[in-house]
Amino acid sequence: MPGRRRHISTRQRRERMQRARRRMVLFAAVLVCLALMSSLWERLAAMARTGMQAVQAFASVQAGEAELTLPAKEIYALQMGVFDSGESAERERQRLYALGIPCMVWQREQMRLVSAVALTREDLPADAAGGQDAYVITDNWPEVSLRLSVGEAELADVQAMLCMPDHLFDRLLQSEAEEPLGQIVQQAKEAAQKAVPAHPENALYTQLAQSLANWCILMENAMAQLDAPTVRRYASVSMGTLCRELRIALLGSTDQQSPESTASAQRTPSTAADVMPPA
């Protein structure tokens with residue numbers, strides 16, 4: 001005897017279609033944000049070719065000077081894969097995202113997909129691998145010391161902007177109970193929106209502010225799709241990516257120093273050679 005067909009009302013069909021559209025819009029928005037952030041990482045890295053001229057090229061006549069240091073950090077990361085091809089890394093990143101495991105690409109000698117970060121091995125959440133094969137790696141971020149020479153009116157702005165990724169990263173490594181992600185994203189969004197148009201004559205400042213603005217969009221969309229622990233890990237690893245790329249851009253200035261503005265760093269290996277399986 002054939003089973004009874006379930007009647008679906010017009011209203012139910014409409015609601016299903018609306019839910020499907022919302023999911024598609026969210027998914028498309030995430031892909032757009034990922035593309036935007038990927039492009040901005042490349043732009044930040046490319047700033048190394050112009051050196052610290054980008055930091056000191058503000059329009060003000062009166063100059064002010066200040067010392068600024070981005071501290072060295074040893075980061076533990078959960079690595080989901082290593083690739084020689086950018087296309088292969090992107091395909092795997094998309095596959096993992098569909099499984100609810102958002103990752104970022106960390107590029108040095110190879111492209112590494114990373115799903116979580118922490119300051120100690122013990123704090124690294126092994127469940128961030130989602131049951132997939134993964135390894136714990138260490139990543140050393142070098143100290144970058146800067147002597148800034150910019151207009152007095154702009155000095156505080158450029159100091160705050162260059163330090164903001166590190167400050168946000170440290171806050172994101174705290175628990176949700178200590179500081180909710182939504183609060184961090186909202187504060188970063190307000191600061192970035194104010195900063196983006198503030199100094200159009202300075203490429204690095206503007207691109208960094210735009211990167212932070214796009215990170216906020218990415219996190220707002222991720223919060224609508226992912227559970228709280230997952231999106232918190234995603235926020236930390238994506239902000240960590242920005243911290244790494246900013247150091248790359250600033251370190252490029254060591255080959256193009258000027259009397260007005262210099263950068264120096266104690267260089268360390270980008271990724272430890274010993275790879276340890278997670279406990």
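Aspartate 166 forms a salt bridge with arginine 247, the closest N and O atoms being 2.8 Å apart, where a salt bridge denotes a side-chain nitrogen of Lys or Arg within 4 Å of a carboxyl oxygen of Asp or Glu. Because aspartate 166 belongs to helix 4 and arginine 247 to helix 7 (residues 228-251), the pair ties together parts that are 81 residues apart in sequence. Both elements are DSSP runs numbered from the N terminus, with helices (H or I) requiring at least four residues and strands (E) at least two. Aspartate 166 is buried, with a relative accessible area of 5%, and arginine 247 likewise counts as buried at 1%; buried means under 20% relative accessible area, exposed over 50%, and partly exposed in between (1.4 Å probe, protein chains only).

The model is predicted, so that local features need pLDDT of at least 70 and side-chain atom pairs count only at pLDDT 80 or more, whereas totals for chains, interfaces and linings use all residues. Residues are numbered from 1 along each chain as its sequence is written, and side-chain values use heavy atoms, with hydrogens and water left out.

The protein chain contains 7 helices and 7 strands, arranged along the sequence in the pattern α-α-β-β-α-β-β-β-β-α-α-α-α-β. Of its 279 residues, 46% count as buried. Among contacts (heavy atoms within 4.5 Å) with a separation of 6 or more, 82% involve residues 24 or more positions apart.

The largest nonpolar core comprises 52 residues, of which Trp106, Leu162, Trp215 and Tyr234 touch the most other members. Helix 6 (residues 203-225) gives the most to this core, contributing 11 residues. A second, separate core of 17 residues includes Tyr76, Cys103, Leu113 and Ala116. A nonpolar core is here a set of buried Ala, Val, Leu, Ile, Met, Phe, Trp, Tyr and Cys residues joined through side-chain atoms within 4.5 Å. When residues up to four places away in sequence are not counted, tryptophan 106 touches Ile75, Ala77, Met111, Arg112, Val114, Val117, Asp139, Trp141, Val237, Thr241 and Arg244.

Arginine 112, one of these neighbours of tryptophan 106, lies in strand 4 (residues 111-118). At 10% relative accessibility, arginine 112 counts as buried. Its side chain makes a polar contact of 2.6 Å with the side chain of glutamine 79. A polar contact is a pair of N or O atoms within 3.5 Å; within protein, one must be able to donate a hydrogen and the other to accept it, and residues adjacent in sequence count only if both atoms are side-chain atoms.

The structure holds 9 salt bridges, including one between arginine 93 and glutamate 90, with the closest N and O atoms 2.6 Å apart. Arginine 93 is buried at 6% relative accessible area, whereas glutamate 90 is partly exposed at 30%. Lysine 189 forms a further salt bridge with glutamate 220, at a closest N and O distance of 3.1 Å. Since lysine 189 lies in helix 5 (residues 181-195) and glutamate 220 in helix 6, this pair ties together parts that are 31 residues apart in sequence.
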